[in-house]
Amino acid sequence: MDFDKLKDKLLKDNKKLVENLTVIFLIGLILLIGASALSKPRPSNNNDNKELVLAQKESSSEDYAQKLEKDLKNILSKIEGVGNVEVLITLNSDEEVVAAMDIVESSTTTNEKDSSGGIRETIQTESNNRVVTSQDTSGQNAPIVLKRIMPEIRGVIVVADGAKDPRLRYELSSAVQTALGIPAYKVKVISSK
């Protein structure tokens, strides 16, 4: 039997099968592309993102200071002889939020020769940065946060009933320094009325 005759016979018999398989493959490919496009969060560039990040920073810094004050007040009041305690913590700055950025950079180089044989090279670079956002469960766009850097503590004031005693004043100052990891010059312990 001749090879060409065999090939023609197989192609005629299987032509319908090959067409059906090709159609099924294309439909599957279209479904995969459509499903992947719908399931991924899409980055967007909204100006509202900057306002949202700023609003989150302000409330978060206040919450951070209040939580530290509450925790310090709770632990310092357990020291023997301290009595009633009030704590004030001031921060140097706001919390810093590092958001994910979509950075697109492009560079174009052009070489030109003039009639006298000189060569001029022009390099043009362009950079475009955008905050990457994703939709939360309520449908709002929110920036994707990579990390949060808590603000530095500027100073701590402790007002305690038992702070008239120098030993107790030293113990309170030392406890605050240890708890917050700050130097002694940032802590002031005062006796209450």
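**Exercise 1. Strand pairing**

In which sense do E1 and strand E8 pair, and over how many bridges?

Solution. 
- Step 1. The model is predicted, and the strands are read from it by residue range: E1 covers residues 85-91, and E8 covers residues 153-160.
- Step 2. Locate bridge partners. Ile-89 has Val-156 in E8 as its bridge partner, and Thr-90 stands opposite Gly-155 in E8.
- Step 3. E1 and E8 pair in the antiparallel sense, over seven bridges.

**Exercise 2. The nonpolar core**

How many residues make up the largest nonpolar core, and which elements give two or more residues to this core?

Solution. 
- Step 1. The largest nonpolar core has 21 residues.
- Step 2. Those with the most contacts inside the core are Leu-72, Leu-76, Ile-89, Ile-153, Val-156, Val-176 and Leu-180.
- Step 3. H2, E1, E8, H3 and E9 are the elements that give two or more residues to the core.
- Step 4. Take one member and trace its contacts. Beyond four places in sequence, Leu-180 is in contact with Leu-68, Leu-72, Ile-89, Ile-153 and Val-156.
- Step 5. In soluble globular proteins, nonpolar side chains tend to be buried together.

**Exercise 3. Salt bridges**

How many salt bridges does a search of the whole structure find? Describe three of them.

Solution. 
- Step 1. The search finds five salt bridges. Side chains of opposite charge can pair when their charged atoms come close.
- Step 2. Asp-71 and Lys-67 meet in a salt bridge through their side chains, at 2.8 Å from N to O. Both residues lie in helix H2 (residues 48-76), four residues apart, about one turn of the helix. Asp-71 is partly exposed, with a relative accessible area of 36%.
- Step 3. The side chains of Glu-112 and Arg-120 form another salt bridge, 2.3 Å from N to O. Glu-112 has a relative accessible area of 35% and is partly exposed.
- Step 4. Arg-167 forms a salt bridge with Asp-165, with the closest N and O atoms 4.0 Å apart. Arg-167 counts as exposed at 53% relative accessibility, whereas Asp-165, at 33%, counts as partly exposed.

**Exercise 4. Glu-62 and Glu-95**

What distance separates the C-alpha atoms of Glu-62 and Glu-95?

Solution. 
- Step 1. Glu-62 is found in helix H2, and at 52% relative accessibility Glu-62 counts as exposed.
- Step 2. Glu-62 and Glu-95 are 33 residues apart along the chain.
- Step 3. Their C-alpha atoms are separated by 9.3 Å.

**Exercise 5. Confidence and the whole chain**

Over which residues does pLDDT stay under 50? Then summarise the chain.

Solution. 
- Step 1. The chain averages a pLDDT of 79, and 78% of the residues score at least 70.
- Step 2. Over residues 40-49 the pLDDT stays under 50, and the model has 14 contacts for them beyond four places in sequence. The pLDDT is also below 50 over residues 51-55, a stretch with five contacts in the model beyond near neighbours in sequence.
- Step 3. The chain has three helices and nine strands, and from the N terminus on its elements run α-α-β-β-β-β-β-β-β-β-α-β.
- Step 4. Of the 193 residues, 21% count as buried.
- Step 5. Among contacts with a separation of 6 or more, 69% are between residues 24 or more positions apart.

Notes
Residues numbered from 1 in each chain as written. Predicted model: local features only at pLDDT ≥ 70, side-chain atom pairs only at ≥ 80, totals over all residues. Heavy atoms only, no water. Buried < 20%, exposed > 50% of the residue type's maximum accessible area, 1.4 Å probe, protein only. Pairing = 2+ DSSP bridges. pLDDT = per-residue confidence, 0-100. Contact = heavy atoms within 4.5 Å. Core = buried A, V, L, I, M, F, W, Y, C linked by side-chain atoms within 4.5 Å.
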